[in-house]
Amino acid sequence: MIIAVDGPAASGKGTIARALARHYGLPHLDTGLLYRAVGVSVERAGGDPADPADALAGCDFDPALLGDPALKTESAGRAASLVSVHPPVRAALLDRQRAFAGQPGGAVLDGRDIGTVIAPQADAKLFVTASSRVRAERRFHELERMGADVPFEAVMADIIARDQRDAGRSTAPLRQADDADLLDTSDLGIDAAVQRAISLVEART
Ligand code: C5P
């Protein structure tokens with residue numbers, strides 16, 4: 001069984017994907033981490049994530065980087081969203097994601113284009129979203145817990161800029177697949193959102 005979970009930043013898609021993977025005993029891939037690793041590796045090499053050649057060079061990142069806490073930062077997310085607009089970067093990461101999705105027992109993948117590009121054949125597709133204010137509040141509290149002192153308005157502006165870049169790019173833009181179920185988590189706690197996700201997957205499989 002392949003489960004595709006897509007949605008914008010801080011929608012809850014990662015939490016839901018991990019919970020589904022646990023529930024069904026499936027391996028999970030957070031595809032955002034791959035783009036974050038490319039972005040961070042470009043910046044560490046002194047390159048510009050917005051430059052296509054620099055971004056492509058970053059695709060040869062050291063796999064050990066995937067476990068680096070630096071990938072979780074806002075600046076890594078921003079670098080990821082800059083490198084991810086370049087079609088050659090998306091192409092370079094494609095096989096790895098498709099191979100993960102094609103494992104014999106199935107898999108759960110979360111990202112922006114899993115249901116539309118990476119695994120259009122997925123058995124269940126969820127498009128997880130929440131209002132931009134709710135997502136900014138979640139990200140703000142998460143940053144606060146990590147000890148970062150970022151003004152709420154800056155977090156909100158970053159969420160909106162990221163949405164625009166992810167939905168506006170020409171290759172594999174963020175959009176709900178025609179056969180995906182919409183899950184709006186604006187008014188749901190984690191447990192309720194996970195329960196709802198399981199019901200939606202059950203109804204499809
Ligand atoms: O999901 P996460 O916030 O870690 O993703 C970081 C960035 O990587 C996103 O804003 C998006 O630009 C890019 N991304 C993507 N396609 C994916 C996953 C992430 O373009 N499948």
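Predicted model: local features only at pLDDT ≥ 70, side-chain atom pairs only at ≥ 80, totals over all residues.
User: How many helices and strands does the protein chain have?

Analyst: Nine helices and five strands. Helices (H or I, at least four residues) and strands (E, at least two) are DSSP runs, numbered from the N terminus. The order from the N terminus is β-α-β-α-α-α-α-β-α-β-α-α-β-α.

User: Why call the chain compact?

Analyst: Its radius of gyration is 16 Å, close to the 17 Å that the globule rule gives for 205 residues, so the chain is as compact as a globular protein of that length. The radius is taken over C-alpha atoms, and the rule is 2.2 Å times the number of residues to the power 0.38. Along the principal axes, the C-alpha atoms fill a box of roughly 50 × 40 × 30 Å.

User: What share of the residues is buried?

Analyst: 44% of the 205 residues. Buried means 20 or more other C-beta atoms within 10 Å of the residue's own; exposed means 12 or fewer, and partly exposed is in between, with C-beta atoms placed from the backbone.

User: New topic. Which domain does UniProt give?

Analyst: The unreviewed UniProt entry has "domain: Cytidylate kinase" over residues 3-52 and 70-202. UniProt positions are in the numbering used here, feature names are shortened, and annotations may be inferred rather than shown by experiment. Residues 3-52 are 52% helix and 14% strand. Residues 70-202 are 56% helix and 11% strand.

User: Which residues are closest to the ligand?

Analyst: Gly32, Tyr35, Ser81, Ser84 and Gly111, from 14 residues that surround the ligand. Near means a C-beta atom, placed from the backbone, within 6 Å. Helix 2, helix 4 and helix 8 (152-168) each give two or more residues to this shell.

User: Tell me about helix 2. Is it mostly covered or exposed?

Analyst: Helix 2 is mostly covered, with 12 of its 13 residues buried. Among them are Gly32 and Tyr35.

User: What do those buried residues pack against?

Analyst: Strand 2 (28-30), helix 3 (52-57), helix 4 (74-83), helix 5 (87-101) and strand 3 (107-111). Contact here means C-beta atoms, placed from the backbone, within 7 Å.

User: What span should helix 2 have?

Analyst: At 1.5 Å a residue, its 13 residues (32-44) should span 18 Å, and the end C-alpha atoms are 18 Å apart, which agrees. The expected span is 1.5 Å times one less than the number of residues. After helix 2 comes glycine 46, with a positive phi near 80 degrees.

User: And helix 4?

Analyst: Helix 4 is mostly covered too: seven of its 10 residues are buried. Ser81 is one of them. The buried residues of helix 4 pack against helix 2, helix 3, helix 5 and helix 8.

User: Where is histidine 86?

Analyst: In the loop between helix 4 and helix 5. Histidine 86 is buried because 23 other C-beta atoms lie within 10 Å.

User: What does histidine 86 contact, leaving aside neighbours within four places in sequence?

Analyst: Pro52, Ala55 and Leu56.

How values were computed:
Residues numbered from 1 in each chain as written. Contact = placed C-beta atoms within 7 Å.
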